[in-house]
Amino acid sequence: MGLTKVIEHIFRRYLPSPFTIAVLLTVLTIVLALVFTENTSEGNHIVAILSYWENGIWNSGLLVFAYQMMLILVLGHVLVLSKPMERLILRITKFVKNTSNAAVLVALPTMLVSFFNWGLGLIFGAILARKVGEYAQANNIPINYPLIGASGYVGLMVWHGGISGSAPIKVSEAGHLRELMGGITNQEVLGQLPEIISTSLTVFSGWNLTLFLLVAISISALAYFLGKQAAPKSVELREYRFQSIGRKSLKGAEKLDYSRIAASVFGGLILLAFLFQYLPALRKLNITPNMLNFFMLGLAIVLHGSFKSFLIAVEEAIGDTAGILIQFPLYFGIMGIMASSGMINGISDFFVSISTDTTLPIFTFLSAGLVNIFVPSGGGQWAIQGPLVLESSLQLGVPLPKAVMALAYGDQITNMLQPFWALPLLGITKLKAKEILPYTLLFMLVGSLIYIGGLLIF
């Protein structure tokens with residue numbers, strides 16, 4: 001357990017906030033571009049690099065990407081706060097008997113939900129862990145609550161390989177690959193880029209679903225085993241209350257805000273339009289960010305049963321998007337410098353020189369895991385690392401779907417080490433990072449072995 005205290009100390013003492021890290025990475029990229037790239041413009045080199053940076057920040061296509069990721073998080077959070085999800089969570093807690101079965105009851109559903117939507121899984125796992133703790137406390141069931149909290153966080157180690165994963169769903173969108181590689185001058189490489197990489201080749205591929213199944217089973221089994229070994233700890237929790245809305249003294253048009261009929265009709269209309277618009281793509285198993293968000297918007301309105309309930313949930317969820325809103329443009333600026341200055345070509349050539357078609361996916365996995373510690377955002381990481389991965393893969397003949405998923409696996413696995421995305425869970429469960437880290441580190445180790453093995457076998 002001493003190791004986890006050391007890790008927590010290092011993170012607290014030496015790792016600044018994600019925004020500060022983004023600023024430092026921006027400055028570092030500018031310096032590296034000045035030192036290691038040639039001035040191909042007619043003007044001053046530093047002026048050219050700052051121009052690349054500014055153009056990257058305001059890249060309209062990537063700003064759309066940032067907004068899409070914000071909606072994935074917000075709408076997933078909103079869905080958790082609906083009455084049907086509340087009933088599901090409370091129903092699951094009634095099966096709690098001891099730490100072992102409680103850990104599985106939290107871990108497995110959280111991973112399944114997170115495979116569908118990472119924002120939904122993040123909050124679902126946190127509230128489920130909290131409610132399991134409350135149920136155990138009310139019924140005098142001795143449990144190890146930190147293990148339960150850690151089990152509620154494991155969705156973040158499968159999310160990027162799932163339906164809402166930033167990299168796989170973005171590359172399935174027409175035009176994104178060429179926009180991302182816009183600064184690449186190697187026409188031979190650009191000529192090999194497909195229009196899209198369908199999610200049927202990434203998220204819904206047989207090998208990815210197999211790896212997800214293996215991780216879900218293995219992590220659930222490990223949680224069960226740890227529950228047998230972990231000593232029970234006392235739990236003192238106040239009841240976590242789901243949102244409720246009053247309906248007193250409604251006048252005139254106010255009634256529309258609380259109308260179940262109005263919400264059902266409008267939400268149903270969205271879902272109907274979704275089917276008409278996206279049914280051909282669904283048949284091909286190709287999911288895009290717009291498809292996912294459109295579906296979740298209609299579903300969230302229907303499940304909340306009124307516009308008022310939906311908007312209250314949106315207000316509660318919107319705070320979690322602050323990091324995406326302000327940090328993503330900085331990451332896009334870094335990408336702009338790397339692409340337009342030629343840094344991507346140089347770094348890709350280095351990876352190609354030390355890799356083979358077998359080892360490149362492993363290097364991608366490991367480097368993505370390392371980058372995630374400093375850039376705890378799958379979308380931001382894809383913006384920076386994606387062009388490097390794609391160009392290196394094209395030069396070595398590595399299948400692009402495999403390369404994309406190698407990055408996704410590496411990014412998601414070190415969430416068990418990087419506590420940034422655990423902050424909402426820690427706030428809801430009232431646990432501390434040092435209490436869940438001993439267990440999340442073990443989850444990370446097992447998950448890493450499965451993903452690396454999968455990249456070598458498939």
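How many helices and strands does the secondary structure of the protein chain come to? It comes to 23 helices and zero strands; both are DSSP runs numbered from the N terminus, with helices being H or I of at least four residues and strands E of at least two. This is a predicted model, in which local features need pLDDT of at least 70 and side-chain atom pairs count only at pLDDT 80 or more, while totals for chains, interfaces and linings use all residues. Residues are numbered from 1 along each chain as its sequence is written, and side-chain values use heavy atoms, leaving out hydrogens and water.

**Overall fold**

- The protein chain has a radius of gyration of 23 Å, which agrees with the value near 23 Å for a compact globule of 458 residues. That radius is taken over C-alpha atoms, and the globule rule is 2.2 Å times the number of residues to the power 0.38.
- The C-alpha trace spans about 70 × 60 × 40 Å along its principal axes.
- Of the 458 residues, 57% count as buried. Buried means under 20% relative accessible area, exposed means over 50%, and partly exposed lies in between (1.4 Å probe, protein chains only).
- Take contacts between residues at least 6 apart in sequence: 82% of them join residues at least 24 apart. A contact means heavy atoms within 4.5 Å.

**Surface and nonpolar patch**

- The protein chain exposes about 19,600 Å², and carbon and sulfur atoms supply 66% of that area. Accessible areas come from the Shrake-Rupley method with a 1.4 Å probe; for residues, only the protein chains shown count as cover.
- A nonpolar surface patch covers about 1,100 Å², with Phe19, Val23, Leu34, Ile46 and Leu325 among its residues. Patches are made of residues with over 30% relative accessible area and no salt bridge; like charges are joined within 9 Å, and nonpolar side chains (Val, Leu, Ile, Met, Phe, Trp, Tyr) within 5 Å.
- Helices H2 (18-36), H3 (45-57) and H17 (322-341) each supply at least two residues of the patch. H2 gives the most, with seven residues.
- Leu34 lies in H2. Leu34 has a relative accessible area of 33%, so this residue is partly exposed.

**Salt bridges**

- A search of the whole structure finds four salt bridges. A salt bridge is a side-chain nitrogen of Lys or Arg within 4 Å of a carboxyl oxygen of Asp or Glu.
- Glu86 pairs with Lys83, with the closest N and O atoms 3.4 Å apart. Both lie in helix H5 (residues 83-93), three residues apart, about one turn of the helix.
- Glu86 counts as buried because its relative accessibility is 15%. Lys83 has a relative accessible area of 41%, so Lys83 is partly exposed.
- Arg130, Lys131 and Glu134 are linked in a network of salt bridges. The closest N and O atoms are 3.0 Å apart for Arg130 with Glu134, and 3.0 Å apart for Lys131 with Glu134.
- Arg130 and Glu134 are four residues apart in helix H7 (residues 118-138), so about one helical turn separates them. Lys131 and Glu134 are three residues apart in H7.
- Arg130 and Glu134 are both buried, and Lys131 is buried as well.

- Asp411 is found in helix H21 (residues 400-413).
- Asp411 is buried yet has no salt bridge; Lys170, the nearest side chain of opposite charge, is 16 Å away. Lys and Arg count as positive, Asp and Glu as negative; His and the chain ends are not counted.
- Leaving aside residues up to four places away in sequence, Asp411 touches residues including Trp159, His160, Asn372, Ser377 and Gln381.
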